[in-house]
Amino acid sequence: MIYNTIIIGGGVSGLMCAYQLAQAKVDFLLIEKKESLGKKLLLTGGTRCNVTNNLDIDTFIQNLTLPHKRFLYSLLKDFRPSDILKFFYENNCPLVLENDLKYFPKSNRSQDVLEVFLKKIPHHQIKLNTVVSKIYKYEDIFIVECSNAKYKAKKVVIASGSKSYPQTGSTGDGLKFARDLGIEFTDFTPAETHIYSKQVVKEFAILQGSSLKDIVVKIKATNKRSQGDVLFTHFGLSGPAILHLSEDIYDYMQKQKVILQIPLGSLSRSEIDEVFNKSRSKNMTILKTLEQCTTKRIASLLLEKLQIENKRINEISKNLIHKLIDSLLGYDITVDRVQDVTKAFVNKGGISTKELSPKTMEAKRLSNLYFIGETVDLHGPIGGYNITIALSTAVAAAKDIISKST
Ligand SMILES: Cc1cc2nc3c(=O)[nH]c(=O)nc-3n(C[C@H](O)[C@H](O)[C@H](O)COP(=O)(O)OP(=O)(O)OC[C@H]3O[C@@H](n4cnc5c(N)ncnc54)[C@H](O)[C@@H]3O)c2cc1C
């Protein structure tokens with residue numbers, strides 16, 4: 001038997017592609033290596049699934065770190081966050097807005113997002129517990145080799161994810177298939193993840209579990225920066241600003257030692273100067289002065305670190321005041337390592353977008369071969385970007401397959 005289409009991978013991108021083909025009555029087979037579909041989807045958003053966000057396309061794209069982010073423009077134009085809202089609403093899984101940015105299912109259950117797909121994909125068109133090991137083309141037909149059988153199809157969609165969370169089935173197989181098929185890619189590396197720092201563990205033990213709100217973290221001696229909350233943990237640093245910067249930290253660490261500059265408060269230099277000047281006129285203690293610039297805990301910690309006694313501000317040397325202000329504005333933290341690629345929420349890298357049509361996700365070198373979802377070199381920060389990318393790339397491939405099949 002020759003299928004019209006074989007979809008490899010039953011994550012959110014493969015499921016959306018299968019859903020679209022099922023609705024259009026295009027004959028397909030969905031092959032999934034695990035014993036059930038959508039294992040990663042169920043974990044997303046702390047099992048609540050942050051499906052998408054309320055950003056317009058320009059802001060969505062602007063917030064990505066990818067140099068080739070414009071590739072997403074036509075894909076998102078054809079299937080944008082508002083189309084995702086409509087899709088889930090029409091499938092009895094309404095999404096609700098949270099913090100004026102992220103959309104979650106009203107039920108707060110990722111299982112309900114998965115059910116939308118499971119209800120519409122015929123069971124007999126799904127093969128579970130089936131690992132695809134090789135794909136090649138013989139004349140006009142693709143041969144998909146699995147552990148237990150060979151399947152044939154006119155078209156193949158590779159939706160096998162990245163290397164993040166291999167327990168969900170995503171073990172980077174898409175890159176192996178790409179190599180065999182002569183398609184260019186870059187290896188998967190960690191993105192959106194935590195960092196380890198012995199210095200933080202040693203020097204900031206007292207701050208574990210607390211966070212600095214809405215600060216700008218910089219990688220020292222580079223122009224890389226990220227704004228958001230930073231969380232002190234028992235292993236180093238986490239929080240949105242660190243997660244977002246982690247892929248750059250990883251890249252720089254391959255070449256050099258990475259030092260982060262973390263402001264220990266949210267005041268600017270001129271605001272800090274103003275606080276210090278007022279304190280001088282009232283001759284307040286240095287601790288009381290610092291407490292107006294940062295939290296009480298950090299204020300005491302800074303004095304301890306710089307070995308400054310809690311005297312009146314006018315009794316403290318200018319040199320020490322400069323050191324204090326510099327530390328407040330950007331404390332140097334040495335990074336030991338970035339969380340492993342397998343434990344990162346998302347991976348950077350994958351199939352080069354230069355290899356793919358930005359309208360259809362079809363490979364330019366090999367017609368009727370498609371790559372969708374996180375297996376492609378497209379990713380975003382936390383906040384519904386990645387599932388949006390998975391869904392819009394899936395819809396683009398499905399539309400092309402449907403148009404060729406009818
Ligand atoms: C803990 C966690 C939370 C997240 N939360 C969010 C969130 O709330 N919002 C958001 O937008 N993004 C989130 N993400 C990211 C998002 O989940 C992924 O970007 C998205 O699921 C990728 O979908 P995909 O279909 O491309 O790949 P995957 O979901 O990884 O699916 C790939 C599928 O292919 C199968 N497969 C792989 N190789 C083979 C093979 N050889 N043969 C057969 N089958 C194979 C796998 O078993 C798997 O089922 C989160 C990620 C993690 C890890």
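Me: What share of the contacts in the chain with a separation of 6 or more is accounted for by residues 24 or more positions apart?

Reply: In this predicted model, such pairs account for 71% of the contacts in the chain with a separation of 6 or more, where a contact requires the two C-beta atoms to lie within 7 Å. The chain itself holds 14 helices and 19 strands, and its C-alpha atoms fill a box of roughly 90 × 45 × 35 Å along the principal axes.

Me: What percentage of the 406 residues counts as buried, and what makes a residue buried?

Reply: A residue is buried if 20 or more other C-beta atoms lie within 10 Å of its own, and 45% of the 406 residues count as buried.

Me: Why is Ser147 called exposed?

Reply: Ser147 has 10 other C-beta atoms within 10 Å, and since exposed residues are those with 12 or fewer, Ser147 is therefore exposed. Its place is in the loop between β8 (141–146) and β9 (150–158). Leaving aside residues up to four places away in sequence, Ser147 touches Thr130, Val131 and Ser133, while the C-alpha atoms of Ser147 and Asn129, 18 residues apart along the chain, are separated by 9.4 Å.

Me: Why is Lys34 called partly exposed?

Reply: Lys34 has 19 C-beta neighbours inside 10 Å; a buried residue needs 20 or more and an exposed one has 12 or fewer, so Lys34 falls in between and counts as partly exposed. Lys34 sits in the loop between β2 (28–31) and α2, and, not counting residues up to four places away in sequence, it touches Lys39, Leu128 and Gly169.

Me: Which residues come nearest to the ligand, and which element gives the largest share of the shell around it?

Reply: Gly9, Gly11, Gly161, Gly169 and Gly373 come nearest, out of the 40 residues around the ligand. Two or more residues of the shell come from each of α1 (12–23), α2 (39–47) and α14 (385–405), and α2 gives the largest share, with six residues. By class, the shell divides into 15 nonpolar, 18 polar and seven charged residues.

Me: How are two packed helices described, and what are the values for α2 and α6?

Reply: Two packed helices are described by the angle between their axes and the distance between the axes. For α2 and helix α6 (residues 110–120), the axes come within 8 Å and cross at roughly 145 degrees, and the crossing is right-handed. The contact is made by Leu41, Leu42, Thr44, Gly45 and Thr47 of α2, together with Ser110, Gln111, Val113 and Leu114 of α6.

Me: Which domains is the chain divided into, and how far apart are the centres of domain 2 and domain 3?

Reply: The division gives domain 1 (2–190 + 345–405), domain 2 (195–263 + 332–338) and domain 3 (269–329). The C-alpha centres of domain 2 and domain 3 lie 24 Å apart, and their contact takes four residues from domain 2 and five residues from domain 3. On the side of domain 2 that touches domain 3, there are three nonpolar, no polar and one charged residues.

How values were computed:
Residues are numbered from 1 along each chain as its sequence is written. This is a predicted model: local features need pLDDT of at least 70, side-chain atom pairs count only at pLDDT 80 or more; totals for chains, interfaces and linings use all residues. Domain bounds come from an automatic or database domain assignment. Ala, Val, Leu, Ile, Met, Phe, Trp, Tyr, Cys and Pro count as nonpolar, Asp, Glu, Lys and Arg as charged, and the others, Gly among them, as polar. A residue is near a molecule or strand if its C-beta atom, placed from the backbone, lies within 6 Å of it. Helices (H or I, at least four residues) and strands (E, at least two) are DSSP runs, numbered from the N terminus. Axes are lines fitted to C-alpha atoms, for helices over the stretch in contact, and angles run from 0 to 180 degrees between N-to-C directions. A crossing is left-handed if the near helix is turned anticlockwise from the far one by less than a right angle, and right-handed if clockwise.
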